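Me: I am new to this structure and would like to know what stands behind the words used for it. Please take the terms one at a time.

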Amino acid sequence: MLCERSIWQMKLALCGHRLENLPFPMDSESYSMLELALWKTISKYMDSGYETFICSATQGMGIVMGEIVAAIKGSGVSGTKLNCVIPFREQARKGDDVWRLRYRYLLHDADRIIQVCDNYQRGCYQKQSRTVVDACDALLAVYDEKDKGRTAYAVQYALKHGKPVEIINPYNSIVEEQEQKPYYR
């Protein structure tokens with residue numbers, strides 16, 4: 001769901017599955033189609049007035065989508081901001097060398113880095129998801145619509161709090177708007 005351009009800065013959250021949870025390898029045509037859908041969808045949000053992009057900077061689609069925003073921003077699109085939310089300081093130590101390098105470059109390109117916990121603790125990834133969703137006007141997720149995992153948590157949390165959610169299905173790269181649920185405190 002896209003909102004019309006306004007005087008307020010619109011914020012889009014970005015999250016998604018770890019790449020090993022996708023139904024295909026990164027060097028496949030299916031991955032290329034998914035990445036193309038991401039470029040088109042993120043560009044559509046930029047064209048409709050979204051200026052701040054808040055990515056869940058953990059290994060997987062959050063970093064990939066953050067890299068797309070950084071590339072577009074680096075090409076001279078003025079006013080675009082990239083905020084990266086990390087769960088804890090040393091979270092990138094788990095990934096391989098390539099992911100650690102991608103993570104460092106992404107944080108270097110970020111306008112703001114938000115760290116939700118000093119060290120790993122139980123629930124820090126859920127806290128990261130809540131921080132990302134609470135700061136946004138809408139959520140874009142690469143999500144297979146299974147009810148388990150961090151991406152499922154972020155999508156369900158966003159819908160519960162009345163945030164517009166668009167899903168890019170990794171199986172077919174189709175973008176689908178999710179039904180909003182009313183939120184009562």
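Me: What makes E3 and E4 a pair of strands?
Reply: Five bridges join E3 to E4, and the two run parallel. Strands pair if DSSP finds at least two bridges between them, so E3 and E4 count as paired. Within this pair, cysteine 84 stands opposite isoleucine 113 in E4. The model is a predicted one, where local features need pLDDT of at least 70, side-chain atom pairs count only at pLDDT 80 or more, and totals for chains, interfaces and linings use all residues. Residues are numbered from 1 along each chain as its sequence is written, and side-chain values use heavy atoms, with hydrogens and water left out.

Me: How do you know that E2 pairs with E3?
Reply: Strand E2 (residues 50-56) is joined to E3 by five bridges, and these strands run parallel.

Me: Why are E4 and E7 called edge strands?
Reply: Strand E4 (112-117) and strand E7 (175-177) each pair on one side only. The open sheet has seven strands in the order E4-E3-E2-E1-E5-E6-E7, with mixed pairing. From one strand to the next, the twist averages 20°.

Me: Why is strand E3 called mostly covered?
Reply: Seven of the eight residues of E3 (residues 81-88) are buried. Buried means under 20% relative accessible area, exposed over 50% and partly exposed in between, with a 1.4 Å probe and protein chains only.

Me: Why does threonine 151 count as buried?
Reply: Its relative accessibility is 6%, so threonine 151 counts as buried. This residue is found in helix H5 (residues 150-160). Leaving aside neighbours within four places in sequence, threonine 151 is in contact (heavy atoms within 4.5 Å) with Cys15, Gly16, His17, Ala141, Val142 and Tyr143.

Me: Why is H2 called oblique to H3?
Reply: Helix H2 (residues 61-74) and helix H3 (residues 97-109) pack at an angle of about 45°, their axes 10 Å apart. That makes H2 oblique to H3: angles under 35 degrees count as roughly parallel, over 145 as roughly antiparallel, 65 to 115 as roughly perpendicular, and the rest as oblique. The contact is made by Ile63, Val64, Gly66, Glu67, Ala70 and Lys73 of H2 with Trp99, Arg102, Tyr103, Leu106 and Asp109 of H3.

Me: Which strands does H3 lie across?
Reply: H3 lies across E2, E3 and E4, and runs at about 130° to E3.

How values were computed: Axes fitted to C-alpha atoms, helices over the stretch in contact; angles between N-to-C directions. Helix = DSSP H or I, 4+ residues; strand = E, 2+ residues; numbered from the N terminus.
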